[in-house]
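Here's a quick briefing for anyone meeting this structure for the first time.

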Amino acid sequence: MKPLSPTDQSFLWLEKRQQPMHVGGLQLLKFPEDAPRNWLYHEIAKFRETPANRPPFNQRIVTRLGQAFWEEDEHFDIENHFFHTALPRPGRIRELLAYVSKMHGTLLDRAYPLWEFHLIEGLKGKQFAVYTKMHHAMVDGVAAMQLARKALSEDPSVTDTPPLWAMNVPGKPKRKREQAQDFLGNAMGFVQTVGSEVKTVAPVMLEVARTIRDKAGNPDFVSIFQAPRCILNQRITGSRRFAAQSYSFERIKAIAKAYRATINDIVLAMCSHALRRYLLDLNELPDAPLIAMVPMSLRQDESSSGNQVGVLLANLATHIEDPAKRLDVIRRSIQDGKRRIEGMSPKETFYYQSLMNAPAGLKVALGILPEYQAFNVVISNVPGPRKPLYWNGAELMGMYPVSIPMDGMALNITLTSYCDKMEVGLTACRRTLPSMQRLLKYFEDSLVELETGADM
């Protein structure tokens, strides 16, 4: 048995009916040019015959003495995880997004391994789609991208790739006695690591003190106490709305070069413009700027399970009308946040940010301090593959992240790059945010606005 880290276990504690804690992905694929009419059905048959025989797909949650562990599911049944469906006619992207919206609002059953794989046919243009969802206790965004990448090939002639859940075969299942030894070993390991944790205290507390001292005179510092309340920050239901679109990655790179900014700065500027326009439409734009929580990976290996994530807070400057001035404020706030953790190890970064963001964590976990808003929206940018990929000869046309809205955080914006495109996925509470798909048009408007300002 493998114990869950405190971060991974927190995603189990946070889950409730209106707040499922799984992440997902939508992949759009094109049938191989020479594929016979029954090609997809042969692939489906292979799926149904292939059990999960690699972690984390063959592991379910068990609890011992209040600690959650991953344990191999000895009664694994693929029928609980693999689903084949066909869209109603006319098979547009609209019908596909409606299906994903519905499936993303349902909880994963903790009696089984916490994942699902939906193969969806009936799309126009000789296309089909794959929607996967995995509990956030299993993976973070970077780990999910690594898992998806392993199931795809850069070679279109490769046609024998196994399903995602069966790519690596582990050793024999451990006996109960070996599992008990693992349990004791984990407990001893915890005691032995306490000493190493103490060494992180001094640099972390030094930076916390420096941050508290500097924040009063630093206009670029973003505090968890400055986000305004707005329509984005209401309680949510279990109903979901998912919207997605692609934008030119080369175009975004050119804008970043023109403004001497990073790709992430431009992405945040796109989000800032879109949110400003959307809230103005609703007459709900706060006077104070919106604050975004921007996850950043602390992962230093190629592992594809668990969560290794830190956060930065970004001032989105939504109170500023001029796009260039708005971008400058965004850029400076991100640079200030990065400067504070330069030189820290991933462990020190985690503890520093845990201390600084503790009130926000208590609010999310316990639902306290209803008038206090730590940040207004989550914006994640996960790097993706830069070369065309194929699944058993079928070309991957697009990949769109599907993420987690939460109580007090009704919208999640997640982006990933693929080849020459920036793929945007918006996941929101359908009842809380009306017509949120309009944000996609406003992303495009933001790019035009920035290009015009740079005389491009």
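Let's start with helix H2, which covers residues 39-48 in this predicted model. Its buried residues are Trp 39, Leu 40, Glu 43, Ile 44 and Phe 47. Looking down the axis of H2, you'd find these buried residues within an arc of 135°, so they line one face of the helix.

**What H2 packs against**
- The buried residues of H2 pack against strand S5 (82-86), strand S6 (115-123) and strand S7 (127-135), and also against strand S12 (390-391) and strand S13 (394-402).

**The nonpolar cores**
- Which residues have the most contacts inside the largest nonpolar core? They are Trp 115 and Trp 165, in a core of 59 residues.
- Leaving aside residues up to four places away in sequence, Trp 165 touches Trp 115 along with Phe 47, Phe 57, Phe 82 and Phe 117. The list of residues Trp 165 touches also takes in Thr 50, Pro 51, Ala 52, Asn 53, Arg 54 and Ile 78.

**Where H7 meets H8**
- Helix H7 (residues 249-258) packs with helix H8 (residues 263-281) at an angle of about 105°, and their axes are 9 Å apart.
- Angles of 65 to 115 degrees count as roughly perpendicular, and H7 and H8 are therefore roughly perpendicular to each other.
- On the H7 side, the contact involves Phe 249, Ile 252, Lys 253, Ile 255 and Ala 256; these meet Ile 263, Ile 266 and Met 270 in H8.
- What kinds of residues make up this contact of H7 with H8? They divide into 7 nonpolar, no polar and 1 charged.

**A loop residue to look up**
- Thr 161 sits in the loop between helix H4 (141-150) and helix H5 (176-198).
- Is Thr 161 buried or exposed? Its relative accessibility is 14%, and buried means under 20%, so Thr 161 counts as buried.
- Not counting residues up to four places away in sequence, Thr 161 touches Ala 151, Met 167 and Asn 392.

**The whole chain**
- The chain holds 12 helices and 15 strands.
- It has 456 residues, and 53% of them count as buried.
- Take the contacts between residues at least 6 apart in sequence: 78% of these join residues at least 24 apart.

Methods:
Residues are numbered from 1 along each chain as its sequence is written. This is a predicted model: local features need pLDDT of at least 70, side-chain atom pairs count only at pLDDT 80 or more; totals for chains, interfaces and linings use all residues. Side-chain values use heavy atoms; hydrogens and water are left out. Buried means under 20% relative accessible area, exposed over 50%, partly exposed in between (1.4 Å probe, protein chains only). Helices (H or I, at least four residues) and strands (E, at least two) are DSSP runs, numbered from the N terminus. The arc is that of the directions from the helix axis to the C-beta atoms. Contact means heavy atoms within 4.5 Å. A nonpolar core is a set of buried Ala, Val, Leu, Ile, Met, Phe, Trp, Tyr and Cys residues joined through side-chain atoms within 4.5 Å. Axes are lines fitted to C-alpha atoms, for helices over the stretch in contact, and angles run from 0 to 180 degrees between N-to-C directions. Angles under 35 degrees count as roughly parallel, over 145 as roughly antiparallel, 65 to 115 as roughly perpendicular and the rest as oblique. Ala, Val, Leu, Ile, Met, Phe, Trp, Tyr, Cys and Pro count as nonpolar, Asp, Glu, Lys and Arg as charged, and the others, Gly among them, as polar.
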